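Have the viewer open as you read.

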Amino acid sequence: MKAALFVPCTTGAVFSGDADAQRRLLALAGYPSVATLGAFCCGQPASTAGDRDGASAMGRTWDDAARGFDALFVASATCCGHLRHEGVGGDRLRYAPDVWVDAIRARSTREKTPIYLHRPCHDVWDDARFDVYARWVEDTANVEIIARPYKDPCCGFGGVFATLFDRTAASMMAHRIGAIAAAGAGTVVSAEPGCLSHFAHHAGGLTVVPLATFLVSRGIA
Amino acid sequence: MTLIAAPTTATRKAADVTLGKRGEVAATLAWETLRDQATAARRDTTEHLDELVAMFTRAAEAAGCKVLRAADNAAACRAVMDELGASPQVIIKSKSMVTEEIGLRHHMERLGFTVFETDLGEWIVQVRGELPSHVTAPAIHLNAEQIAETLSGVMGRKLSSDATALTEVATEYLRQPLRASAAGISGANFLIAETGEIVVIENEGNAYFCTSAAKHVVVTGIDKVIRKRSDLPALLRVLTVSATGQRQTVYTHLLGRPLPGDPARTIVLVDNGRTELARSEFSDATRCIRCGACMVVCPVFRQVTGHAYKTVYPGPIGILVAPYLEPKATPSDAPFFSTLCGACSDICPVRIPISSLIAKRRELLWKAGATPQMVRTGVSLWKLASRGGITGFVLKPLLTLLLRWPKLARLGQLTRPGARR
C-alpha cells in the first residue's frame, strides 16, 4: 500500500517536529512506510476568506499531489474536514488520529499528569467519537484530561479572524489560557495545528504540544 | 473598522448564566421537535411574506386596528408621528429592536417629545446614550457597579450595586411616566395573520402599560408575521427558552380586537429591507425570531459585546440582517467578525444556517473585490505557494515566517493611512 502523510502549512511552520511524530505513530498503527505528500495547503484559507474558486483550485492541486497513493493521512481535523467538504481524496482520506485511536494499544509508563485536550470547533468527529478519543488519550498517555474550563465554543483562532483582529483574538485566548491554568493543567494538547498555533502564540506559562509529539514524548512510539 | 479587544466580563458572565438555564430547560422539552415546528412556521413566513402580511392587515383592520405600511425608516417615523400628533407629549415605550433600527426615539426627542424607555435594560442604555448591546438583554455589557453608577447619576444620590435595590429604585422611578403618558409604543414578537392578533411577551410588566396607554402604537417588522395561532406555542417556547432560559415569560399578551374602553391601536408595519432580504440568497435569515441565542454562544460576541458590531442588530445574525436593515451602519468587513465556529448555527432555534451564510457573505465580498487587503494578499500568496514550482519554492519560507510570527503580516499595514491598528 502506498501511503502519504499531508503535513499542513501550519504544522510544517510552527510544529515542524510533529510530522515525524505523526509518522512514528502511523508506523505503530501498521503503516511503516509513509511518504510526505507534496502539497503545501489544503485550500482552507481561501475558503474561509470567501475565495471559492481559489479554494477549489487549491483542492485540485492537492488532489494532483495525492495521485498514486492508496491512503492519505491528515492529522488536522479542519484540513481533513475541508478536504472532505471539497470532495478531495475520497475514501483514501483518513483522519490520522482516527487510525491511532483504533490501532494503538501502547500505554505510557510516565507519571500521570493533568492536561487540557483542546477540541477544534470544526471537528470531523461527533461527540461520541471524541469521547472515545479522549478516553484513549487518557489511557494511552496516562494523563488526566481536565474538562473544558470555559463555555466559549472556540479558542478564538478562526484563521483569517485572528489575522484581521489579532488583539481581539489574543484577548479571547488570554481568557482561555487563564481558565485552563486555573483549572490545574500545565499543558495544552491538540491534534489541530491552527488552534494550537494560536495557543502557542499566547501560551503564557502553559506548554503547548501537538498530539503526536505529546504521545511520543510520553514514550508511546 | 476594528473590533474592540477589551474583555467584557459582564457579557460573558451573563451569557454563561443564560446558556446554562437554556440548556437545563431545553433538556426537559421535546426540543428538536419544537425547533422543527418553529422552523416550519418561520419558513412559511419567509416563503409567503407578502401573502401573510396582506392577510394580517385585513384581519387586524377587521378587528378595529389601523394598519400602516412603512417602506423605510423615514416613512416609519413619519407614520408614528402622524398618529401621535405634532404637540410634544410624554410617551412610554417598551423594548423594541425595530424602533431602535428606525431611530424612532431620537426622532421623537428631536421633535420635543419626552420618551421613557420602560424596560429596565433599555432604560439603562437610554440613560447612557448607548445602543442596546443585545437584542433581548440591552444592558448585557454592564455589571452591577456600572449600572449603579449610571442610575446614581439619574437619582442624584449614590446607589448601592445590589441588584434588588437597583431594581426597586428603577421601578419606582419608571412608574411616574406610566401614569402621565399620552401614548404607549410597543413592538411585537409575532403578528398572527389569520386573526390579526399582536403577540407581545415580556417579564417586567412594563409592556402591559405601554399597550394599554390612552393610545397604543405598535411598531414592528413585516417579518414578524406568522400564519396561524397554532404556530404560536412552539415559537413562543423556543423563543423564551433560547432568549432567557425560561419556559415562558412572565407575561404573554395576545392583543386582538380592542374592547370598549380600550385604547385605539395603530400598527406600523416596517419593511426597511425585509422584503429584499426574504427574496435574497440570505432569505433563511428572515426566519430569525430575535432570541439572541446566537449572540450569547458566539465566541466573538462574548468577547467584544454588541456595540463592537456598530449596528442595532449585533452578533452572528446581525452580520446577516444588518446589510439589509441597516446598510449604512454595517461595516464592510462585518462578515469577518466571526471565527465561523458554527456554534450560532447549532444553537439557532429556527435552524438558520448562520455560519454558512456568513461564509457566503465573505464570498460576495471576495467577488466584489471588497475583502480586506491583508486577507486578499495572504490568500494570493497561499495560492501561489500551493502551485509549487519555483514560485512555491521561494514563497514557502516566507509563509513559514508569517505562520511562526503572525504579527509580521501587519508590517505592510503600518505605513498605510487608516491602517486597521
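This is a predicted model: local features need pLDDT of at least 70, side-chain atom pairs count only at pLDDT 80 or more; totals for chains, interfaces and linings use all residues.

## Two loop residues with positive phi

Start in the loop between α14 and α15 of chain B, where Thr305(B) sits. Phi of Thr305(B) is near 60°, a positive value even though the residue is not a glycine. Most residues other than glycine have a negative phi. Is Thr305(B) buried or exposed? There are 26 C-beta neighbours inside 10 Å, and a residue needs 20 or more to qualify, so Thr305(B) counts as buried.

Now hop to the other end of α15, into the loop between α15 and α16 of chain B, and you'll find Leu340(B). Leu340(B) isn't a glycine either, yet its phi is positive, at about 55°. With 25 other C-beta atoms within 10 Å, Leu340(B) is buried too.

## A helix wrapped up by its surroundings

How many of the eleven residues of α15(B) are buried? The count is eleven of eleven, so α15(B) is largely enclosed by the rest of the structure. The buried residues run from Gly315(B) and Pro316(B) through to Tyr324(B) and Leu325(B), with Val321(B) among them. As for what does the covering, the list includes α5 (97-102), α12 (274-278), α13 (293-297), α14, α16 (343-347) and α17 of chain B.

One of those neighbours, α17(B) (residues 354-367), has an axis that comes within 10 Å of that of α15(B) (residues 315-325), and the two cross at roughly 45°. That angle makes α15(B) oblique to α17(B), and the crossing is left-handed. On the α15(B) side the contact uses Pro316(B), Ile317(B), Ile319(B) and Leu320(B), while α17(B) brings Ile354(B), Leu357(B), Ile358(B) and Arg361(B). Sorted by class, that's seven nonpolar residues, no polar ones and one charged.

## The nonpolar core

The largest nonpolar core holds 199 residues. Those with the most contacts inside this core are Val74(A), Val219(B), Leu235(B), Val268(B), Cys294(B) and Val321(B). Helix α11 (residues 232-244) of chain B gives the most to the core, with eight residues.

Which residues does Val74(A) touch, leaving out those up to four places away in sequence? They are Phe6(A), Cys79(A), Cys80(A), Leu83(A), Leu93(A), Tyr95(A) and Ala96(A).

## Where the chains meet

The contact between the chains takes 41 residues from chain B and 39 from chain A. On the chain B side, α1 (9-26), α14 (299-304), α17, α18 (373-386) and α19 (389-404) each supply at least two residues. The most comes from α18(B), with eight residues. By class, the chain B side that touches chain A has 23 nonpolar, nine polar and nine charged residues.

Two of those helices, α18(B) and α19(B), also pack against each other. Their axes come within 7 Å and cross at roughly 130°, and α18(B) and α19(B) are therefore oblique to each other. Here again α18(B) passes α19(B) in a left-handed crossing. Leu381(B), Trp382(B), Leu384(B), Ala385(B) and Ser386(B) from α18(B) meet Thr391(B), Gly392(B), Leu395(B), Lys396(B) and Leu399(B) from α19(B).

Key:
Residues are numbered from 1 along each chain as its sequence is written. Chains are lettered from A and ligands numbered from 1 in the order in which they are written. Axes are lines fitted to C-alpha atoms, for helices over the stretch in contact, and angles run from 0 to 180 degrees between N-to-C directions. Helices (H or I, at least four residues) and strands (E, at least two) are DSSP runs, numbered from the N terminus. Angles under 35 degrees count as roughly parallel, over 145 as roughly antiparallel, 65 to 115 as roughly perpendicular and the rest as oblique. A crossing is left-handed if the near helix is turned anticlockwise from the far one by less than a right angle, and right-handed if clockwise. Two residues are in contact if their C-beta atoms, placed from the backbone, lie within 7 Å. Ala, Val, Leu, Ile, Met, Phe, Trp, Tyr, Cys and Pro count as nonpolar, Asp, Glu, Lys and Arg as charged, and the others, Gly among them, as polar. A nonpolar core is a set of buried Ala, Val, Leu, Ile, Met, Phe, Trp, Tyr and Cys residues joined through C-beta atoms within 7 Å. A residue is buried if 20 or more other C-beta atoms lie within 10 Å of its own, exposed if 12 or fewer, and partly exposed in between; C-beta atoms are placed from the backbone.
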